[in-house]
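Here's a quick briefing to read alongside the model. Have the sequence and the 3D view open as you go.

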Amino acid sequence: MTQKLFRLSLVLSGLIFIWACLTAWAQISDRNFDKNFGSKNSGPRIQILFKSDPLYNLDEQICIRLATVLEANGCNVHLSSYASNPSISEATDVVVFCANTYNWAPDWVTLNFILEHSELEGKMGIPIILGSGSTNRARNILEFSISDRKMDLIGTEDFWLLKPNDDRRINDDNVKVALDQIEIKAQQWFDLIELKIKLNSND
C-alpha cells in the first residue's frame with residue numbers, strides 16, 4: 001500500500017510540475033502586435049491592450065472586432081500587445097484590458113501593467129476576461145486592479161472557450177457567438193464613452 005501511495009504521489013507531482021510549466025509558458029509568451037484603427041484626428045481615443053495567448057487567439061479576434069466597431073463609430077483606436085511595449089498617452093480617453101485567465105486569475109502581464117503605470121489614473125477602463133476559465137474570481141481580481149489604479153470602471157465583459165457564451169445559441173460556433181456579442185458591447189460602450197466625455201467637458 002505504501003508503495004502504491006508513493007507511485008501515486010510521483011504521478012501527481014509530475015502532473016503538477018507539467019501543469020506549472022505549461023502555465024508559466026502561457027503566462028510569459030507573447031508576440032508583437034501593434035495596429036491603429038481610424039484617423040488620428042478622430043475621437044474618442046481608445047487604447048486596447050492584450051497579451052496574446054499561445055494556444056488560441058480568441059483574445060486577438062475579440063480585440064480586432066472591438067477595434068473595428070469602434071473605428072466605424074469614429075474612434076481613434078490603438079490596438080497592441082504588451083510585447084510591443086505600449087505606452088499610455090495623456091490624450092487617451094479609454095483603456096481596454098483584454099486578459100486571458102490562467103488558474104482562475106487574469107494573466108500576470110495585464111495585472112503588472114496596471115500596477116506599474118500610474119498614468120492610467122483618471123482614465124476610463126474596460127476589462128475583458130476570456131479563456132477556458134473566465135471565472136468570477138478572475139473578473140473580480142481584474143476589476144479591483146483597475147479600480148485600485150483609480151480608473152473609471154465603465155464596463156466588463158467575459159467570454160469562454162469551453163462553456164457556451166450564449167445558452168440560446170449552444171449549437172452555434174462559440175467563437176462566432178463571442179464575436180457577435182463583442183460587437184453589441186462595443187456599440188454600448190461607445191455610447192457610454194461619448195456620454196461621459198460630453199459630461200466631463202461640461203464640468
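Is R139 buried, exposed or partly exposed? R139 comes out as partly exposed, with a relative accessible area of 24%. Bear in mind that this is a predicted model.

**Salt bridges**

- The count comes to eleven salt bridges.
- One of them pairs the side chains of D158 and R139, at 3.3 Å from N to O.
- D158 counts as buried because its relative accessibility is 19%, and buried means under 20%.
- R169 and D180 form another side-chain salt bridge, at 2.9 Å from N to O. Here R169 is in the loop between β8 and α5 while D180 is in helix α5, eleven residues apart, and the pair links distant parts of the chain.
- R169 is partly exposed at 24% relative accessibility, and D180 is partly exposed at 22%. Through shared partners, salt bridges join R169, D172, K176 and D180 into one network.

**Strand β3 and its neighbours**

- β3 is largely enclosed by the rest of the structure, because five of its six residues are buried.
- Strand β1 (residues 34–37) runs antiparallel to β3 and is joined to it by four bridges. Within this pairing, D34 stands opposite S80 in β3.
- Strand β2 (residues 45–50) runs parallel to β3, with six bridges joining them. F50 stands opposite S81 in β3.

**Positive phi outside glycine**

- N85 isn't a glycine, yet it has a positive phi of about 55°. You'll find N85 in the loop between β3 (76–81) and β4 (94–102), and at 69% relative accessibility it counts as exposed.
- K150 isn't a glycine either, and its phi is positive at about 65°. K150 sits in the loop between α4 (136–148) and β7 (152–153), and it counts as exposed at 59% relative accessibility.

Key
Residues numbered from 1 in each chain as written. Predicted model: local features only at pLDDT ≥ 70, side-chain atom pairs only at ≥ 80, totals over all residues. Heavy atoms only, no water. Helix = DSSP H or I, 4+ residues; strand = E, 2+ residues; numbered from the N terminus. Buried < 20%, exposed > 50% of the residue type's maximum accessible area, 1.4 Å probe, protein only. Pairing = 2+ DSSP bridges. Salt bridge = Lys/Arg side-chain N within 4 Å of Asp/Glu carboxyl O.
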